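The following note sets out points for a colleague who is reading the model alongside its sequence. The points are numbered so that each can be taken up separately.

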Amino acid sequence: MDQIVIRGGQRLKGRIPISGAKNAALTLLPCALLTDEPLTLRNLPRLADVDGFGHLLNQLGCSTTIEGSRPEDFGRVMTARTTTLTSTVAPYDIVRKMRASILVLGPLLARAGEATVSLPGGCAIGNRPIDLHLKALEAFGAEIELASGYVKAVAPGGRLKGGKFTFPVVSVGATENAVMAAVLAQGTCVLENAAREPEIVDLCNCLVAMGASIDGIGTETLTIEGVDRLHGATYRVMADRIEAGSYACAAVITEGDVELVGAKASEMEATLSALRQAGATVEESKTGIRVAMSGRADPVTLSTAPYPGFATDMQAQFMAMATLGSGASLFTETIFENRYMHVPELARMGCDIDVRGRSAVVRGVDHLVGAPVMATDLRASMSLIIAGLAAQGTTEVNRVYHLDRGYERLEEKLQAVGADIERISAG
Ligand code: UD1
C-alpha cells in the first residue's frame, strides 16, 4: 500500500488550487439517473470516490464519459447519460465500500418507481443510520421494506405523491435523497428543518438547471413541485470548502502564507472565523482566500454543528492545528459519536489531548515529533498530514487510500507550496 512521507518544518507559501467538492460531486452524480438526457458535470475532482460512483452508475445503465483527464488539468468533465435504467439495485459490495451509494435510492425511486439499495451499515466515525432517508421518502408516498440487509422502496403507481416531512435532526444525506426523490413526484413535497449545506444548494441549483421546481433553496424549508420530466444540463461543481479549510489549517500550523485559489468565503464562514479565532490573517483575494499566520496559534473553542455552524468535517484538521497552539483548545463533536479516531495517532507524535465523551481538550505543546501513523477515515488522515507538516523529523502516513477518496493530488499541491512531502508507491 502507498505511503505519504513528510519531512516536517517547511513553511507553506504560495497558491493552492482548490478542487471541485467531493461532497457536492457525490450528490450531483446520481442526478444523472433522473433523466434520459445527458448531464454534464464540470470541475469534477479526480478522486477514488468519484470513480467509484461512476462505476455504480454504469451498473444501473448510465453511460459515463470523461474528458479533461490530461495530467496537468485539475478537475474533469464527465457526461453521464441514462437513456434507460437497466437495474434498480445498488448491491452490498458497492454500498459497503462507498456510503454515498445510498444517494441512488431517491433518484431510482423517482425515475423507476422502485429501488433496492443495500443498507450501508456503520463506519469508522459512527453508527450512521439511514432511518431519516426512509422516513422522508415514506412521507412522500413510498412503501419501504427492509429485508436481508436491503432497503426495498416502491412508489405505488410508479410515482411518489408528495407530502410533508420535518426532520427531527438535520441530515445532509437524507435531505439530498429526499430532494432527488421529490423532483419527479406527482405533487408538492415539503421538507422542514432540511440541511442547508452549500453542497445541498449546489444539488438544488443543478436540479433546477435540469428543469426541477424548488423553492427555498439555501433555507431550512424546501418546497418541491414535482415535474413530469427533467432534461439534461451542464453544471459546474462548487469548490471544495473542506479541502480549502484543510489547507488553511496546514498554512497556520506551518506559519505560512497561502492563497486558496477558487475557494469561496461565503461558503465557509464558520471555518474562516475559527481561523481568525486562532489568530490567522484571513482575507478575500480576487481569486480566492488568503490565509497567513505568524507565531503559534491562539487556543480555539469549537463545537461542530450543521451548516452554517462549524463543520464536523473540519474538526480533525483544526485539532491537529491546535496541538501546537499557545494554550488549551476545547473541541466538542455533536454530529458523530466516534469522531476522535485521530487522537491516539496524534498522541504518537507528541500531542497532549484529553478526550472526555464528546469533548476533547488539546493542550498546545512546544513541538511535535514525526512518527509512522495511520488513520481510519478521510478527515482524520488529513489531520495527520497537517501535524506531519509541522513536526520535527519524518512522518509516514499509512492507509493513503483514505486521502485518495477526498483530496485530489494532495502531495502535488503541497509540494508546490514548499512542503517536503512525497508518495511512496507500493509498486
Ligand atoms: C455528515 C455531516 C456532513 C459531512 C458528512 C461526512 C452534518 C449535519 N452532516 O453528513 O457535514 O460532510 O457527514 O463526514 O454535519 N442521522 C440519523 N438518521 C439518518 C441520517 C442521519 O439519525 O437517517 C443522524 C446521524 O447519525 C448524525 C446526524 O443525523 O448524527 C447527521 O447525519 P447526516 O448529516 O445525515 O450525515 P451525512 O449525510 O453523512
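1. Terms and basis. Buried means under 20% relative accessible area, exposed over 50%, and partly exposed in between, with a 1.4 Å probe and protein chains only. This is a predicted model, in which local features need pLDDT of at least 70 and side-chain atom pairs count only at pLDDT 80 or more, while totals for chains, interfaces and linings use all residues. Residues are numbered from 1 along each chain as its sequence is written, and side-chain values use heavy atoms, with hydrogens and water left out.

2. E255 is partly exposed, with a relative accessible area of 35%, and its phi is near 55°, a positive value in a residue other than glycine. E255 sits in the loop between α8 (241–253) and β15 (257–261); helices (H or I, at least four residues) and strands (E, at least two) are DSSP runs, numbered from the N terminus. N43 likewise has a positive phi, near 60°, and is not a glycine. N43 belongs to strand β3 (residues 39–44) and, at 14% relative accessibility, counts as buried.

3. Cis peptide. Y307 and P308 are joined by a cis peptide bond with omega of about 10°. P308 is placed in the loop between β18 (301–303) and α10 (315–322).

4. Domain division. The chain is divided into domain 1 (3–18 + 239–424) and domain 2 (22–236), with bounds that come from an automatic or database domain assignment. Taken over C-alpha atoms, the centres of domain 1 and domain 2 are 30 Å apart.

5. Domain interface. Contact (heavy atoms within 4.5 Å) is made by 25 residues of domain 1 with 22 residues of domain 2. The two domains bury about 2,000 Å² between them, 53% of it on carbon and sulfur atoms; buried area is the accessible area (1.4 Å probe) that two parts lose on being put together, summed over both. R405, E408 and R409 supply 30% of the area that domain 1 buries against domain 2, more than any other three residues.

6. Three salt bridges are counted between domain 1 and domain 2, a salt bridge being a side-chain nitrogen of Lys or Arg within 4 Å of a carboxyl oxygen of Asp or Glu. The side chains of E408 and R46 form a salt bridge at 3.5 Å, N to O. Seven residue pairs, both members at pLDDT 80 or more, are in polar contact across the interface of domain 1 and domain 2. A polar contact is a pair of N or O atoms within 3.5 Å; within protein, one must be able to donate a hydrogen and the other to accept it, and residues adjacent in sequence count only if both atoms are side-chain atoms. On the side of domain 1 that touches domain 2, α12 (378–390), α13 (401–406) and α14 (410–415) each supply at least two residues, and α13 gives the most, with three residues.

7. Helix α12. D377 caps the N-terminal end of α12, with a side-chain oxygen 3.1 Å from the backbone nitrogen of R379.

8. Nonpolar cores. A nonpolar core is a set of buried Ala, Val, Leu, Ile, Met, Phe, Trp, Tyr and Cys residues joined through side-chain atoms within 4.5 Å. The largest one has 79 residues, and L191 and L207 have the most contacts inside it. Helix α6 (residues 172–182) gives the most to this core, with six residues. Apart from it lies another core, of 74 residues, including A322, A360, I386 and I421.

9. Further salt bridges. The whole structure contains 26 salt bridges. E199 and R241 pair at 2.8 Å, N to O; E199 lies in helix α7 (residues 198–209) and R241 in helix α8, so the pair ties together parts that are 42 residues apart in sequence. Both E199 and R241 are buried. D404 and R423 pair at 2.7 Å, N to O. D404 is partly exposed, with a relative accessible area of 28%, and R423, at 24% relative accessibility, also counts as partly exposed. D2, D404, E411 and R423 are linked in a network of salt bridges.
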